[in-house]
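Please open the structure in your viewer and keep the sequence beside it, with residue selection and secondary-structure colouring ready. The tour moves from one selection to the next, and says at each stop what is there.

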Amino acid sequence: MSNKAVFLDRDGVINPLVYNPATGEYESPHKPEDFLLYPFAEKSLRLLKDAGFIITVVSNQPSYAKGKTSLENIKAVEKTLEDFSAEHGGLIDKSFYCYHHPNGIVPEYTRSCACRKPGTLFLEQAKTEFNLDPAQCWFTGDRDSDIECGRRFGCRTIKIDNPHSAKNSGCIEADYHAKNLFDAAKIIVEYTASKNYMERRQTNDTRRVHTAVFA
């Protein structure tokens, strides 16, 4: 039996983006003290877990490749989220991070790759590891690259309408829109419950027809 998963972008979805005065833009946190969870993050993840979804974070993290922070800082931020997940019963099953960028300045991380979204390499790896059915999966993110990644993989998509991500979104239409992760989680759970109800109803209708035929 295949499993279902929710793929989540991290920055701007689970945690707020951080203003970088050097660039004048909102970006990923560059050090662990800048990493803060949205207040609705825990209940959103728990809602999805309780509904039977595997939760996977899929995030592009090119700041080291671009020379904006150290790789140690990036991994310390990742560990902060891992610790939060562990402290709350393992809310996140797996995290995938791409450190590459085609226009970076650190040679070993400057290249085009299959793992950088909208590439689907990490989703394909999760599909194999967790025996996922893409048709039962969702991708939730705040950028066009997230939505394109989900569409390429064959799952449903939800766009988080984060104003700080507006310059990187708006060109690719998602299946649904949500103002934050908790709203997205409710959309996913309600859709799944409705779909399961309709499938059970169709099965019961079929059984009744067969009973009538052979009665």
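This is a predicted model: local features need pLDDT of at least 70, side-chain atom pairs count only at pLDDT 80 or more; totals for chains, interfaces and linings use all residues.

Two strands pair if DSSP finds at least two bridges between them.

Colour the strands and follow them across the open sheet of six strands, whose order is β5-β4-β1-β6-β7-β8, with parallel pairing. At the edges you will find β5 and β8, each of which pairs on one side only. Looking from strand to strand, you will see that neighbours in this sheet are turned against each other by 20° on average, direction ignored.

Select residues 54-60, which make up strand β4; all seven of its seven residues are buried, so the strand is largely enclosed by the rest of the structure. If you show the side chains, I54, T56, V58 and N60 lie on one side and I55, V57 and S59 on the other, and both faces are covered.

Which residue of β4 is the bridge partner of F7? The partner of F7 is T56. Turning to β5, you will find that it also runs parallel to β4, with five bridges between the two, and that N60 stands opposite C98 of β5. Between these two strands the chain crosses from β4 through α2 to β5, and this β-α-β crossover is right-handed.

Next, bring helix α3 into view: it lies across β1, β4, β5 and β6, and runs at about 155° to β5.

**Strand β7 and its neighbours**

Move to β7, where four of the five residues are buried, so that this strand too is largely enclosed by the rest of the structure. Strand β6, residues 138-141, runs parallel to β7 and is joined to it by four bridges; among the paired residues, F139 has T157 of β7 as its bridge partner. With helix α4, residues 144-153, selected as well, you can trace the right-handed β-α-β unit made by β6, α4 and β7.

**Salt bridges**

Side chains of opposite charge can pair when their charged atoms come close. In this model the count comes to 13 salt bridges, of which a few are visited here.

Select E25 and K167, which form a salt bridge with their closest N and O atoms 2.7 Å apart. This pair links distant parts of the chain, since E25 is in strand β3 (residues 25-27) while K167 is in the loop between β7 (156-160) and β8 (176-178), 142 residues apart. Is each partner buried or exposed? E25 is partly exposed, with a relative accessible area of 32%, and K167 is exposed, with a relative accessible area of 62%.

Continue to K79 and D83, another salt bridge, in which the closest N and O atoms are 3.0 Å apart. Because these residues are four apart in helix α2 (residues 71-87), K79 and D83 are separated by about one helical turn. K79 counts as partly exposed at 45% relative accessibility, and D83 counts as partly exposed at 32%.

Further along, select K186 and D183, whose salt bridge has its closest N and O atoms 3.6 Å apart. These two are three residues apart in helix α5 (residues 181-214), so about one helical turn separates them, and K186 counts as partly exposed at 31% relative accessibility.

Finally, select D9, K117 and D146 together, which are linked in a network of salt bridges.

**Two backbone details**

Most residues other than glycine have a negative phi, and most peptide bonds are trans. Staying at K117, look at the peptide bond from K117 to P118, which is cis, with omega near 20°; P118 is found in the loop between β5 (94-98) and α3 (121-130).

The last stop is N131, in the loop between α3 and β6.

Technical notes. Residues are numbered from 1 along each chain as its sequence is written. Side-chain values use heavy atoms; hydrogens and water are left out. A salt bridge is a side-chain nitrogen of Lys or Arg within 4 Å of a carboxyl oxygen of Asp or Glu. Buried means under 20% relative accessible area, exposed over 50%, partly exposed in between (1.4 Å probe, protein chains only). A crossover is right-handed if, with the strands pointing away from the viewer, the path from the first strand over the helix to the second runs clockwise. Axes are lines fitted to C-alpha atoms, for helices over the stretch in contact, and angles run from 0 to 180 degrees between N-to-C directions. Contact means heavy atoms within 4.5 Å.
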